[in-house]
Amino acid sequence: MCIRDRNEYPSNIRITEINTPRTIIELGKFVRSGHHDILAQWAAMSLLEAKPGQIHDAYVQIGKLTQDVQSHTITVKPYKRYRILRDMVEKAIQYCSSTKNDRTCLLHHVLNTGMGNCLSLCIVYAIVSRKLSMDSNVILSPNHTFITFHINNREYACEPTTGSILPMSLKMRTIYPSDTDTQKCPSFFRPLTDLELFSVLLTKYTAFLVNRKRLRQAYQAAKLAVDIFPTNPDAHFNLAVLAAAFDYQNVTAKEIIKTAKLHLPSITASLTRR
């Protein structure tokens, strides 16, 4: 796989089958190399399931979307730039609930079928806005992800699945009414790095593999997700469940304890609200 600098349009990137990850272990080596952004990581994971040419087509679509947004946002104010980005992304990808199809964690499937979930749509927003030098971050909250934009020195939260926009301060109050609640959850409500974002993607991919009864690959994917994002509670939970399936009792016990420690603050905060 030949990856160019992230500032170039993805449509210029040439995808080859040379040195392409074909197993979870190879994917881990690729991701840990540290020279690839989230688009390349997402493409590499999706190549484990994609047919020849599908990833290249997805890259071309990302590039076209980027160019379409840029052509409409050259002279407009920051807030309108975001609105145009939102409208373009919504036009390119019409949201369909992830419960209808579990392939919505795969790059080529999201772009070729128009089906996405909160995570995959946030990543599309992040990739396009990054190419346009728009300040955005993907935020992880319990059982959900959303994206934030800085517009005129204010932070706004966007829900790609609904298109709603709220000031970040108001968004936080709709989730946890107390500032101390969010401080109890170190994994949540902060910008994710590309590696952490990829770990969350891998967590979705693990569920995809389990649904297809590919448990050995799912176990490897869960291990990789934990390795690259050690405070990802869902990854630890997946690893505990899969370890139990293989009767790895020590691993199961360890991961259950870790999951409880990571999830307990969010559970406690949720109970406090009631």
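Select strand E2, residues 144–151: this strand is mostly covered, with 6 of its 8 residues buried (under 20% relative accessible area with a 1.4 Å probe and protein chains only; over 50% is exposed, and in between is partly exposed). Strands (E, at least two residues) and helices (H or I, at least four) are DSSP runs, numbered from the N terminus.

Before you go on, note that this is a predicted model, in which local features need pLDDT of at least 70 and side-chain atom pairs count only at pLDDT 80 or more, while totals for chains, interfaces and linings use all residues. Residues are numbered from 1 along each chain as its sequence is written, and side-chain values use heavy atoms, with hydrogens and water left out.

**Stop 1: Thr-145**

Stay in E2 and pick Thr-145. Thr-145 counts as buried because its relative accessibility is 3%. Now show polar contacts (N or O pairs within 3.5 Å, one able to donate a hydrogen and the other to accept it; residues adjacent in sequence count only if both atoms are side-chain atoms). A polar atom of the Thr-145 side chain lies 3.4 Å from the backbone oxygen of Cys-118, and a polar atom of that side chain is 3.3 Å from the backbone nitrogen of Leu-119. Leaving out residues up to four places away in sequence, Thr-145 also touches Cys-122, Val-138 and Glu-159, among others (contact means heavy atoms within 4.5 Å).

**Stop 2**

Zoom in on E1 and E2, which are joined by 6 bridges. Leu-140 faces Thr-145 across this pair, and Ser-136 is opposite Phe-149. Their hairpin has 2 residues between the strands, and Asn-143 has a positive phi near 65° there.

On the other pairing, E2 and E3 share 5 bridges, with Ile-147 partnered by Cys-158. Their hairpin also has 2 residues between the strands, and here Asn-152 takes a positive phi near 50°.

**Stop 2: helices across the sheet**

**Stop 3: the core**

Which residues have the most contacts inside the largest nonpolar core? They are Met-45, Leu-202 and Tyr-205, in a core of 72 residues (buried Ala, Val, Leu, Ile, Met, Phe, Trp, Tyr and Cys residues joined through side-chain atoms within 4.5 Å). H6 gives the most to this core, with 9 residues. Select Tyr-205 to find its contacts beyond four places in sequence, including Ile-24, Met-45, Cys-105 and Arg-214.

**Stop 4: H11**

Finish at helix H11 (residues 233–245), whose end C-alpha atoms are 19 Å apart, in agreement with the 18 Å that its 13 residues should span at 1.5 Å a residue (the expected span is 1.5 Å times one less than the number of residues). At its start, a side-chain oxygen of Asn-232 comes to within 3.2 Å of the backbone nitrogen of Asp-234. Among the buried residues of H11 are His-236, Asn-238 and Leu-242. After the helix comes Asp-247, with a positive phi near 65°.

Notes
Pairing = 2+ DSSP bridges.
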